[in-house]
There are 2 protein chains.
Amino acid sequence: METDHSDKLVILGSGNLAWHLGPALQNAGFTILQVCSRTENSARLLGERLGVEWITDPAGIDEEAGTLVFCISDNAIPDLMCRIELRTRPVLIHTAGSVSLDVFNGIAKESGVLYPLMTFTKDRTLHLQNVPFCIEGSSEYSLALVERMARGISEKIYQINSEERKILHLGGIIASNFSNHMYHLAADFLSARGMDFEILKPLIMETASKIMEMEPAASQTGPASRNDTDVIQDHADLLKDLPELQKIYTFVTDSITNHFNS
Amino acid sequence: METDHSDKLVILGSGNLAWHLGPALQNAGFTILQVCSRTENSARLLGERLGVEWITDPAGIDEEAGTLVFCISDNAIPDLMCRIELRTRPVLIHTAGSVSLDVFNGIAKESGVLYPLMTFTKDRTLHLQNVPFCIEGSSEYSLALVERMARGISEKIYQINSEERKILHLGGIIASNFSNHMYHLAADFLSARGMDFEILKPLIMETASKIMEMEPAASQTGPASRNDTDVIQDHADLLKDLPELQKIYTFVTDSITNHFNS
């Protein structure tokens with residue numbers, strides 16, 4: 001890999017994604033010059049993890065930076081961009097599912113997207129080589145840059161435009177955040193009844209493992225898919241002192257029933 | 001293991017659970033005399049799988065049967081019981097999460113519950129040794145019988161009463177059937193937009209794997225848990241031509257937001 005000005009990166013942000021992506025970019029042969037994050041403690045921890053300078057004020061961003069990689073909340077990107085003034089014109093790359101590449105229009109000469117379709121948590125080892133990376137570039141040059149980043153990290157690269165990326169992001173939220181919320185509701189419910197969530201874990205793993213091989217529709221079991229109204233009514237009664245959970249139970253059960261009986 | 005009259009079983013039902021439990025009980029040293037199921041084709045397939053006689057009329061149940069194992073829908077148990085007339089008094093065992101042991105009151109001298117907390121699908125190999133089995137017995141004798149069955153199949157045995165079992169069953173539905181429905185909704189949404197659900201699979205596996213080690217609340221990511229109202233509003237707009245999914249999106253998002261911001 002020949003070294004390029006754009007291989008010198010500054011990471012903006014120090015959250016879950018930066019925590020995983022920073023070391024992966026170093027492993028892929030990129031040079032991280034600095035970490036910049038307004039949260040001092042978190043900036044310091046990531047700076048130490050990467051062995052690089054950490055700063056909290058974007059005014060201190062190194063003029064040598066060929067590329068700025070935004071690893072911050074989707075809605076914080078425009079605000080942070082306003083606070084960056086550089087004489088050089090680095091490539092601007094964001095990592096957000098729901099933000100169009102257009103966000104950089106008129107600001108950067110070159111821009112791109114490097115979006116890993118994954119849920120990131122700091123305290124967890126993650127093998128990024130199986131994580132799907134969705135890439136987009138404003139030109140052949142920036143597309144080649146994000147592709148080189150992605151290929152250095154993962155085996156699953158998808159060239160995806162901004163509209164498609166939004167669809168995937170929303171699909172991911174439904175499949176991941178929403179199913180995790182179902183785990184959360186179940187854990188709270190068992191805990192309120194003095195029972196251990198642990199006993200549900202094999203079931204949860206099997207449910208996720210099943211759809212690696214089967215369509216989710218073919219994989220569905222349970223009283224709602226069978227329209228077993230007696231059991232459904234019993235459950236609604238069992239939840240009568242937990243009105244919020246009862247509402248979710250009825251709502252999701254109706255949605256399942258509609259999908260299997262219409 | 002000494003042989004006992006109660007080790008001679010008849011399996012009632014030929015659905016997903018019977019399909020997995022039958023061979024496991026044979027492996028555990030029990031003798032299956034017959035399979036009885038009103039669905040002829042399905043009875044025949046399971047009979048062939050187990051190498052035993054299959055019948056569709058409960059009047060033909062072998063008088064030698066020491067134990068009848070009900071592997072049928074929860075709400076079908078009372079109806080089937082009415083159609084069974086035997087001079088002998090076999091132990092009656094059911095396998096349902098939501099049915100009390102009381103269902104056998106006044107009918108059987110001995111009864112029990114052998115409830116595997118798992119989602120079963122015919123076309124899928126399942127390693128039952130990690131499946132939690134919840135057991136209950138009407139007497140020490142029947143409890144010892146279901147415990148012997150469970151220990152021959154799995155390493156995870158829980159003695160659980162009927163009330164606790166209903167709680168676990170409902171928790172399992174929320175954690176498993178409901179999260180599978182979220183996969184189903186995401187797959188339908190991507191398919192409607194011409195995109196491939198395949199790309200979400202690593203995310204789904206990671207989401208389930210995370211809570212093997214972390215609390216579901218600590219594991220949650222995404223716009224709802226951050227109360228990122230701009231992204232949430234964008235998503236609601238993106239779903240405006242899919243009113244049912246938009247309703248689910250708003251409803252579950254509100255529930256997540258309430259859990260993380262109250």
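Predicted model: local features only at pLDDT ≥ 70, side-chain atom pairs only at ≥ 80, totals over all residues.

Visitor: How many salt bridges does the rule find across the interface of chain B and chain A?
Guide: Four.

Visitor: And residue pairs in polar contact, how many between chain B and chain A?
Guide: The count is 33, with both residues at pLDDT 80 or more.

Visitor: Which elements of chain B give two or more residues to the side that touches chain A?
Guide: Helices, in each case: helix 5, helix 6 (201-213), helix 7 (216-219), helix 8, helix 9 (229-238) and helix 10 (243-260) of chain B. Helix 5 of chain B has the largest share, 26 residues.

Visitor: What's the make-up of that side, nonpolar, polar and charged?
Guide: On the side of chain B that touches chain A, 47 residues are nonpolar, 25 are polar and 16 are charged.

Visitor: How many residues does the contact take from each chain?
Guide: It takes 88 residues from chain A and 88 residues from chain B.

Visitor: What area is buried between them?
Guide: About 8,700 Å² between chain B and chain A. Carbon and sulfur atoms give 72% of that.

Visitor: Which three residues supply more than any other three on chain B's part?
Guide: Arg124(B), Ile199(B) and Phe251(B). They supply 8% of the area that chain B buries against chain A. Arg124(B) is also the salt-bridge partner of Glu206(A).

Visitor: Switching to pockets. How much space lies in the largest pocket?
Guide: About 980 Å³. Its lining has 43 residues.

Visitor: Which of them lie nearest the centre of the largest pocket?
Guide: Arg226(A) from chain A, plus Leu17(B), Ile72(B), Ser73(B) and Asp74(B) from chain B. Helix 5 of chain B gives the largest share of the lining, five residues.

Visitor: How do the lining residues of the largest pocket divide?
Guide: Into 18 nonpolar, 20 polar and five charged.

Visitor: Now the second largest pocket. How much space lies there?
Guide: About 800 Å³. The second largest pocket is lined by 32 residues. Nearest its centre are Asn16(A), Leu17(A), Thr221(B), Gly222(B) and Arg226(B).

Visitor: Which elements each supply at least two residues of that lining?
Guide: From chain A, helix 1 (16-27), strand 6 (111-116) and helix 5 (162-192); from chain B, helix 8 (223-226). Helix 5 of chain A gives the most to the lining of the second largest pocket, with five residues.

Visitor: And how do the residues of that lining divide?
Guide: In the second largest pocket, 13 are nonpolar, 15 are polar and four are charged.

Terms used:
Residues numbered from 1 in each chain as written. Chains lettered and ligands numbered in written order. Heavy atoms only, no water. 1 Å grid on protein atoms, 1.4 Å probe; cavity = no way out; pocket = protein on both sides within 12 Å on 5 of 7 lines; lining within 4 Å. Points joined across faces, edges and corners; volume = space filled by probe spheres on them. Helix = DSSP H or I, 4+ residues; strand = E, 2+ residues; numbered from the N terminus. Nonpolar A, V, L, I, M, F, W, Y, C, P; charged D, E, K, R; others polar. Contact = heavy atoms within 4.5 Å. Buried area = accessible area lost by both parts, 1.4 Å probe. Salt bridge = Lys/Arg side-chain N within 4 Å of Asp/Glu carboxyl O. Polar contact = N/O pair within 3.5 Å; in protein donor to acceptor, adjacent residues only side chain to side chain.
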